[in-house]
Amino acid sequence: MKSLIGHDAQARLLIGAAASGRMHHGWILSGPRGIGKGSFARALALRLLADAAGPKVEGEGLAVPDDHRVRHLIDAGAHPDYAELAPLEKDGVTARNISVDQVRGLGRLLQSAPSLSTRRIVVIDSADDLERGAANALLKTLEEPPADMLFLLVSHAPGRLLPTIRSRCRTLRFDPLDDAAMRSVLRSGEGELSPAELDALVRAGEGSPGKALRYAGLNLAEIEAALTLIATDGDPGNRQRLLLAKTLATKPARPRYEAFLERAPAFLAEAARHRNGPALGVALDHWEEARRLAGGAIILSLDPAAVVFELAGHVAALAPRAA
């Protein structure tokens, strides 16, 4: 039985609301992308449907035993009281939006009585991806929801949702995970990680496991170590800059190059947070230049070696003697 890591307060609140019989019919689960809101919504749906159908699950968390019959049904995509909407994938390409036809496809679930218990649940991951017609179709249901219906709307930017949808739902905020939770998630999902690589992924993720996992397998610790060394001594002979440029500019190193384009400006931004006075000004100036260069590197097809060398030069400006 695997339990969701983090967001314990949100789990207690919603499980408590369901147990009290006063669960609102619509919830917007809001917060930064990649922090586990979608996983939370699916785990909550499983827990609530398992409790409603029995046997009731003990404990405050969202974990449901592996042998619970409701888990088997949801894992098989066969639970009659559960539906999930997300952009569809066809031929390996994921659609940009959730279509109006997908929302209308909920008709069977909405119009029939619950089959296994007194509860029906729809997870939408994410509601930000609803096309205009789909959002309007959903709104009609939220205005007059069927009894014992629960909608869980994942949203990375609630301000972009229709105001009328927001007004008919309650919003529950999710914050980035702390470092301890991040380490637990990464250890459980990525197998054996060296301490240095784990530290690098935690820093890069900034509380978002989804973001951190994009860097998995790229030896991010080596890149971070090189940036730290350059920022410490300024790389006076350009040795580290040339080495980075050489190792990241090859075609097989393309994923690591793209990671470097993200991490170099982020490294400068993190350094700026710990500075003040003239040193802060230096860090911010170089962060702005690095951000502009990294942002256009792929679009403008700039030479990777030259880009890496220049970005590392901005990091070198953080060295005490350079500042």
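Is Lys140 buried or exposed? Lys140 is exposed, because its relative accessible area is 62%, and exposed means over 50%, buried under 20% and partly exposed in between, using a 1.4 Å probe and protein chains only. Keep in mind that this is a predicted model, where local features need pLDDT of at least 70, side-chain atom pairs count only at pLDDT 80 or more, and totals for chains, interfaces and linings use all residues. Residues are numbered from 1 along each chain as its sequence is written, and side-chain values use heavy atoms, with hydrogens and water left out.

**The whole protein**

- The protein has 15 helices and seven strands; these are DSSP runs numbered from the N terminus, with helices being H or I of at least four residues and strands being E of at least two.
- Along the principal axes, the C-alpha atoms fill a box of roughly 75 × 45 × 40 Å.
- Of the 323 residues in the protein, 46% are buried.
- Among contacts with a separation of 6 or more, 71% are between residues 24 or more positions apart; a contact means heavy atoms within 4.5 Å.
- Lys140, our opening residue, sits in helix α6, which covers residues 132–143.
- Between Lys140 and Ser167 there are 27 residues in sequence and 13 Å in space, C-alpha to C-alpha.

**The largest pocket**

- The largest pocket has a volume of about 700 Å³.
- A pocket is found on a 1 Å grid over the protein atoms alone, as an open set of points where a 1.4 Å probe fits, with protein on both sides within 12 Å along at least five of seven lines; lining residues have an atom within 4 Å of a point.
- Grid points are joined across faces, edges and corners, and the volume is the space filled by probe spheres set on the points.
- Its lining has 31 residues, and Leu4, Gly36, Gly38, Ser39 and Arg42 lie nearest the centre.
- Helix α2 gives the most to this lining, six residues.
- By class, the lining holds 14 nonpolar, 10 polar and seven charged residues; Ala, Val, Leu, Ile, Met, Phe, Trp, Tyr, Cys and Pro count as nonpolar, Asp, Glu, Lys and Arg as charged, and the others, Gly among them, as polar.
- Leu4 comes in the segment before α1 (8–20), and Leu4 is partly exposed at 26% relative accessible area.
- Beyond its neighbours within four places in sequence, Leu4 is in contact with Ser39, Phe40 and Leu62.

**The second largest pocket**

- The second largest pocket has a volume of about 160 Å³.
- Its lining has two nonpolar, one polar and seven charged residues, and residues of this lining include Asp179, Arg183, Glu206 and Arg273.
- The largest share of this lining, three residues, comes from α9.

**The nonpolar cores**

- The largest nonpolar core has 44 residues, of which Leu244, Phe260, Leu311, Val315 and Leu318 touch the most other members; such a core is a set of buried Ala, Val, Leu, Ile, Met, Phe, Trp, Tyr and Cys residues joined through side-chain atoms within 4.5 Å.
- Helix α13 gives the most to this core, with nine residues.
- Leaving out residues up to four places away in sequence, Phe260 touches Ile223, Leu227, Leu244, Leu248, Pro265, Val308, Leu311 and Ala312.
- A second, separate core has 32 residues, including Ala11, Leu14, Ile15 and Ala18.

- Asp125 lies in strand β5, residues 120–125.
- The side chains of Asp125 and Arg42 are joined by a polar contact of 3.1 Å; a polar contact is a pair of N or O atoms within 3.5 Å, where within protein one must be able to donate a hydrogen and the other to accept it, and residues adjacent in sequence count only if both atoms are side-chain atoms.
- Most residues other than glycine have a negative phi, and most peptide bonds are trans.
- The peptide bond joining Asp125 and Ser126 is cis, with omega about 5 degrees.
- Another cis peptide bond runs from Gly54 to Pro55, with omega near -5 degrees, and Pro55 is in the loop between α2 and α3.
- His7 is not a glycine, yet has a positive phi of about 60 degrees; His7 counts as buried at 9% relative accessibility.
- Asp148 also has a positive phi of about 60 degrees without being a glycine, and Asp148 is partly exposed, with a relative accessible area of 46%.
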